[in-house]
Amino acid sequence: MQKLQGIPVSAGVAIGEALVLDAEGFRIPERFVSRDAVMAELQRLERAMQAAAEEIARNRDTVTRELGPKYGAIFAAHLELLQDAKLREDLEKYIRQEHYSAEYAVSRAFRRYAQVFERLENTYLAERASDIYDIEKRLLRHLLGRRREQLSDLSSPVLVLAHNLTPSETANLDRRFVRGFVTEVGGPGSHTAIVAAALEIPAVVGTGPFLTEVSGGDLVIIDGYNGLVILHPDEETLARYQHEAEQARSLAVRLQRLRDLPAQTADGVRIELMGNIEFPYEVEHCLERGADGIGLYRTEFLYLGCDREPDEETHFQAYAQVVRAMGDRPVVIRTLDLGADKVPCLQRTEEERNPFLGLRSIRLALRHIPMFRTQLRAILRASALGNVRVMFPLISTLLELRQAKMILADVMEDLAEHAIPFNRQIPVGMMVEVPSAVMLIDRFVEEVDFLSIGTNDLIQYTLAVDRTNKDMIGLYNPTDPAVLKLIAMTVEAARRKEVPVNLCGQMSSSPIYTMLLLGLGLRQLSVAPSAIPEIKQVCRSVTIPECQAVAQRALSMDNARDIRSYLKEELRKYVPELAD
C-alpha cells in the first residue's frame, strides 16, 4: 500500500480500478485477456518489439552519423535492453501465466525494472530509469497505435490517474463511468478543479509524480475530502473507506429532507442559497437540492475544446435551457472568464509570461469586442425568458466596468432596432476578485446593481500566490486575515449602499466557513450544487449573533492556521456531523 498527499478539489470518496494516462498521454491499459487470446497477445508483443527495435536501430544510426558514436551509444543501450532475454522471458510469462494483455505486461515489467534502478544509491544508475520508461513508451506506442485515449469513449467505471487533464478534457469526461480523478500537477481554483466539482466526482490534484507506481486495473482509493490517494490499499484500509463512503451516502440521504425547507437561521434570518454551475445540465442538480437560483453560471465551457468561436445561437440555447428550467428564480450569467491562452479559437502572437496577470476575463472581452458582443446579445435575448442578470469578471478599474456597460448598452440598442425582445432593465453586476476593486468599492457600488465576491482569485491576487503551483499551496489560505478583511470591507460597503452582495468562490461551498461568512454580513451564498444541503444544514443550526461572535473572534486573530482551527471547532460545536 502507498499513500500520496495531494490537494483536495472535489469532495467524496471513490474506490475502483485505475485508468492511467502518463505524461505523454498514453493509456496504460487494463490487465487481462481470455485464455484463447494468449497466442494473439504474444504475436502482438512480438510485432511491437520488432517495430520498436527497428526504430531504435534507425535512431542509433542517424545519431551516430550526425553526432558521433558517443551519442549513438544511448540508443545502442536501449536496443540491447529491449533484446534482453530475461526481459523477454518476463514479458512472455506475464502473458502466458497471468493472462495479461501485451500492454499491461509491458507496463508491469518495465516499471518493475525502472523501480530497481530508482532505488539505487548511485545517482548515475538511478537516472537510467528514464531510459527504461522511454523504451516502455515506445513499445506502448506501437501496441496502442494512437496517442491519448479518448476519455469520452469509456464503457466501464474507472478512476482516471493522469499527469494532467486540461479543462476541456475534464469537461468531456463521461460522468457515467469516471468515478474520480487524480493528477500529478495542478492546484485549487484551477478550471480543471472547478469542472471536477461540477461533475460531482472526487478529485485530487498536485500529488507530484506517481504514475510509475501504478498500472491500469490496479485498485485505488481517492479521498477527495483530505486530498489522499491510496494505491494498492490493504484490506483494513479498504474496509474503512468503504464504511466512510457508506456513511457519506447515509448523510446525503438525511440532508435530502432539507430540500424544500428554506436556508433560514435558527433566529429566523433568511439566507439565499444559490448554485454555481458550469454546464446546463447542472441546473437539475440545483433544483433537486432546492437552490434559490443560479448565483454563478460560468460560460467558459462554450469556448473550451472548440477550434472555432461559438456563435450567438450556441450561446443562446445554452442560456435559455437554464433560464427556462429556473422559472422566475434568478440566473446570474458571467461573461467569459478565461485567459487568451485557454481560448483555442483566438490567434495568439506570443506566449504570455504570466497569464494570471495578462490578457484574461474582462480584459480579453474588451480586446475582442465582436466576440464579447456575440455573448452579450445571447445573454440579453435569454433575459426575455426569465430572471436573468449579467455579471462581468475580474473588474480591476472603473474604466473597465464603464467600457463593458457601454458595450452592453450598445448591444441593447442594436437588439431594440431589430425588435428583438430583451429585458432593458437587466441587473448588471461585477465580480470582486482583485484588491483594487475592494480599495475602490465605495465607487463601484454606485455603478452596479449587485456584487459577487470571487474568493478564488481574491486570495490569489491578495497573497501573490499562484493557486495552480503546488509548492505555494500552503500560502493559498481563504482564512488569511488580509483576505477576511477585504471580504468584510466589500460586504460593509454594499450594506451601506443597499447593494446585494454574494460570495461565489470555493470558500462558500465548505461548511467550515459558513458561520464566518454569515457573521461578516453575507446573506447570499452561491455554492457548488453538491454543497447546498450541507450549507443549508449549517444555516438552520445557528443564529446570526452566534455567527457574528465567530466572525469577530476570527477577525481578531493574526494567522490563517489558527483561524481555520477555530472555525472547525465552532462547526463541530453546532453541526458535529459536518466537522469530521
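Modeller: T490 has its place in helix α18, residues 481-497, where helices (H or I, at least four residues) and strands (E, at least two) are DSSP runs numbered from the N terminus. This is a predicted model, in which local features need pLDDT of at least 70 and side-chain atom pairs count only at pLDDT 80 or more, while totals for chains, interfaces and linings use all residues. Residues are numbered from 1 along each chain as its sequence is written, and side-chain values use heavy atoms, with hydrogens and water left out.

T490 counts as buried because its relative accessibility is 0%; buried means under 20% relative accessible area, exposed over 50%, and partly exposed in between, with a 1.4 Å probe and protein chains only. Leaving aside residues up to four places away in sequence, T490 touches V432, V438, I441, L451, I453 and V501, contact meaning heavy atoms within 4.5 Å.

One of these residues, V432, brings us to strand β14, residues 428-432, which runs parallel to β13 and is joined to it by three bridges; two strands pair if DSSP finds at least two bridges between them. Within this pairing, M391 stands opposite G429 of β14.

Strand β13 itself, residues 388-392, is mostly covered, with four of its five residues buried. Strand β12, residues 331-334, also runs parallel to β13, through four bridges, and V331 has V388 in β13 as its bridge partner.
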